[in-house]
Amino acid sequence: AASCVLRFDAGDWPLACAGDFAALTPATLAQVRAVVHPPARWRLLENRTSFEREAKRRAPDDAVVWLPGFPPGWWMAAMRRLLELAPAPARIACDPDPAGVEIALRAGLVWDAAGLGWEPWRMDAAALAALPATLPLTADDRVRIARLRSVALPAQWAALLDAFETLGAKGEQEGGE
């Protein structure tokens with residue numbers, strides 16, 4: 001969902017004409033020649049319901065993109081193409097759980113490769129603590145936390161991992177809405 005216009009050889013397509021949001025295939029994005037009125041910021045949301053809600057209430061200069069779980073290669077390629085045409089920083093929102101941290105870090109690789117900034121959104125210790133309901137950490141979550149701790153992470157991620165362990169809990173994007 002965005003207010004930008006995609007320019008194709010055959011003509012222009014204003015994305016805002018789609019109403020709430022539009023699905024674009026990698027093949028379609030490969031044909032885009034330019035992005036007119038590019039977004040000032042990309043916002044990625046993993047949870048489909050949260051994405052649909054944010055797509056409807058996004059700021060005019062934001063582009064909102066659905067992040068389909070652990071981003072597959074086709075999604076990464078599509079985002080690389082969009083960033084070539086419309087470079088802008090990103091805010092990435094995934095479930096505030098260990099898998100969500102891994103997903104955000106993987107999606108952020110596209111911005112890292114483009115030399116653009118990105119930051120987690122709604123994925124911090126305070127947001128986790130403020131959720132009305134959480135789920136207990138599983139054995140798989142604890143393995144993910146250990147794996148994440150084995151690499152150098154920015155302080156914000158380390159603080160979230162600490163919060164998971166302190167609370168013994170994880171959250172979901174919809175838990176705070």
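**Entry 1**

I looked up R122 and found it partly exposed, with a relative accessible area of 36%; I use buried for under 20% relative accessible area, exposed for over 50% and partly exposed for values in between (1.4 Å probe, protein chains only). I note that the model is predicted: local features need pLDDT of at least 70, side-chain atom pairs count only at pLDDT 80 or more, and totals for chains, interfaces and linings use all residues. Residues are numbered from 1 along each chain as its sequence is written, and side-chain values use heavy atoms, with hydrogens and water left out.

I then asked which side chain R122 meets in a salt bridge. The partner is E54, at 3.0 Å, N to O; a salt bridge here is a side-chain nitrogen of Lys or Arg within 4 Å of a carboxyl oxygen of Asp or Glu. The pair links distant parts of the chain, 68 residues apart: E54 is in helix 2, and R122 is in the loop between strand 7 (118–120) and helix 5 (125–130). Helices (H or I, at least four residues) and strands (E, at least two) are DSSP runs, numbered from the N terminus. E54 is buried, with a relative accessible area of 4%. I also recorded that E54 and R122 belong to a network of salt bridges with R41, R43, R57 and D62.

I counted 16 salt bridges in the structure. Side chains of opposite charge can pair when their charged atoms come close. One of the salt bridges joins D140 and R144 (3.0 Å, N to O). Both residues lie in helix 6 (residues 139–149), 4 residues apart, about one turn of the helix. D140 is partly exposed at 42% relative accessible area, whereas R144, at 15%, counts as buried.

I next examined K170 and D141, whose side chains meet in a salt bridge (2.8 Å, N to O). K170 lies in strand 9 (residues 169–170) and D141 in helix 6, so the pair ties together parts 29 residues apart in sequence. Both K170 and D141 are buried.

**Entry 1: strand 4 and its neighbours**

I found strand 4 (residues 41–45) mostly covered, with 4 of its 5 residues buried. Strand 4 pairs with strand 5 (residues 62–66) in the parallel sense over 5 bridges; pairing requires that DSSP finds at least two bridges between two strands. The bridge partner of L45 in strand 5 is W66. The chain passes from strand 4 through helix 2 (residues 48–57) to strand 5 in a right-handed β-α-β crossover; that is, with the strands pointing away from the viewer, the path from the first strand over the helix to the second runs clockwise. Strand 4 also runs parallel to strand 6 (residues 90–93), joined by 4 bridges. There, L44 has I92 as its bridge partner.

**Entry 2: helix 4**

Where does helix 4 bend? I located a bend of about 30° at G108, taken as the angle between axes fitted to the seven residues ending there and the seven starting there. The buried residues of helix 4 include E102, G108 and W111. Just after helix 4, G115 takes a positive phi of about 70°.

**Entry 3: the whole chain**

I recorded 7 helices and 9 strands in the chain. Of its 177 residues, 44% count as buried. The C-alpha trace spans about 55 × 30 × 20 Å along its principal axes.
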